[in-house]
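The reader may wish to keep the view below at hand while reading.

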2 protein chains.
Amino acid sequence: MQQRIILITLGVSDLAASRRFYIDGLGWEPVLDIDEIVFLQAGHGLVLGLWPADELRKDVGVDGPQGPHAAMDRMSLAHNVDSEAEVDAALAEAEAAGATILKPGQRADFGGYHGYFADPDGFRWEIAYNPGLTIAADGKVRIGPVVP
Amino acid sequence: MQQRIILITLGVSDLAASRRFYIDGLGWEPVLDIDEIVFLQAGHGLVLGLWPADELRKDVGVDGPQGPHAAMDRMSLAHNVDSEAEVDAALAEAEAAGATILKPGQRADFGGYHGYFADPDGFRWEIAYNPGLTIAADGKVRIGPVVP
């Protein structure tokens, strides 16, 4: 698993309030701004995601082994890879290193494939293969629909 | 305030356990690994910091107006700028946009100048001027001591 974070997702309580702060207030431009999620470029090949906390919890999988990790349910870091097999491999590597698998590799709502693990403190990492996400040479991230 | 995150700090409960996971387990190489803090390169111009949660809380300033924001005390995002004046300007801009100032701009323990605000959900942002932190053209971050 390479040293790479592509996405920081904040689980927000009121997406309209978050839009007012980051977009209207700070003037940040979204990479993607649809009904229920906002992605903002936040660095070279880095995106900040604003997503209702309930959606983020559901995405991680509320039936998973949350236990002591439940308190960290307002944020996740994402590491993207280039294939489904690499998602499974990264999850296995993290588990071997001591992580708790919260959601095994599986088809994702965004059209790709993903899973989640928790680090020793419960911080959540998503490992994702998202064919709709590309990073240009200048670091600009584009997130579009996955065409099957 | 530009759309730029330079540092994600996780407030960990046991730094030795975090080292075992990220460094020994995943094999990630530190940018800086000293007694009480570990910084890992996590992307182009991006660093993941592992810091005991108590230290992170102290750095934000426990006497600040935490209130409803206390639950977010295990993580912070950092935006770096090039001068003390820019720290104050970014904090003012965030406050005007609806943020709560948790720590006004002031001299920082790392040798530079910084402050913290909370976004509408309480997620904490550090605005920092750190002359000891440089980003090379290839995105590699170096964090060294600040020479006064």
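## The nonpolar core

The largest nonpolar core of this predicted model contains 90 residues. Those with the most contacts inside this core are Ile5, Leu40 and Val47 of chain A, and Ile5, Leu40 and Val47 of chain B. In soluble globular proteins, nonpolar side chains tend to be buried together.

What does Leu40(A) touch, if residues up to four places away in sequence are not counted? Within chain A, its contacts are Tyr22(A), Trp28(A), Pro30(A), Val31(A), Val47(A) and Leu48(A), and from chain B it touches Gln3(B).

## The contact between the chains

Chain A and chain B each contribute 36 residues to their contact. On the side of chain B, the elements that give two or more residues are β1 (7-12), α1 (15-25), β3 (37-43), β4 (46-52), β5 (75-80) and α3 (84-96). Of these, α1(B) gives the most, with 5 residues. By residue class, the side of chain B that touches chain A comprises 20 nonpolar, 10 polar and 6 charged residues.

## Symmetry of the two copies

Chain B is superposed on chain A by a rotation of 180 degrees, with 0.0 Å of shift along the axis and an RMSD of 0.0 Å. The two copies are therefore related as by a two-fold rotation axis. In chain B, the C-alpha of His44(B) is the nearest to this axis, at 2.9 Å. Both copies use the same surface, since 100% of the contact residues of chain B recur in chain A.

## A hairpin in chain A

Strands β2 (residues 30-34) and β3 (residues 37-43) of chain A pair in the antiparallel sense, over 4 bridges. Through 2 residues, a hairpin joins β2(A) to β3(A). Asp33(A) has Val38(A), in β3(A), as its bridge partner.

## Helix α2 of chain B

Which residues of helix α2 (residues 53-60) of chain B are buried? They are Leu56(B), Asp59(B) and Val60(B). Seen down the axis of α2(B), the buried residues fall within an arc of 100 degrees, so they line one face of the helix. An α-helix has 3.6 residues a turn, so residues three or four places apart point the same way.

The cover over the buried residues of α2(B) includes β1, β4, β5, β6 (100-107), β7 (113-118) and β8 (124-129) of chain B. On the face turned away from the buried side, α2(B) carries the exposed residues Asp54(B) and Lys58(B). Just after this helix, Gly61(B) adopts a positive phi of about 100 degrees.

Conventions: Residues are numbered from 1 along each chain as its sequence is written. Chains are lettered from A and ligands numbered from 1 in the order in which they are written. This is a predicted model: local features need pLDDT of at least 70, side-chain atom pairs count only at pLDDT 80 or more; totals for chains, interfaces and linings use all residues. Two residues are in contact if their C-beta atoms, placed from the backbone, lie within 7 Å. Ala, Val, Leu, Ile, Met, Phe, Trp, Tyr, Cys and Pro count as nonpolar, Asp, Glu, Lys and Arg as charged, and the others, Gly among them, as polar. Copies are superposed by least squares on the C-alpha atoms of residues with pLDDT of at least 70 in both. A nonpolar core is a set of buried Ala, Val, Leu, Ile, Met, Phe, Trp, Tyr and Cys residues joined through C-beta atoms within 7 Å. A residue is buried if 20 or more other C-beta atoms lie within 10 Å of its own, exposed if 12 or fewer, and partly exposed in between; C-beta atoms are placed from the backbone. Two strands pair if DSSP finds at least two bridges between them. The arc is that of the directions from the helix axis to the C-beta atoms.
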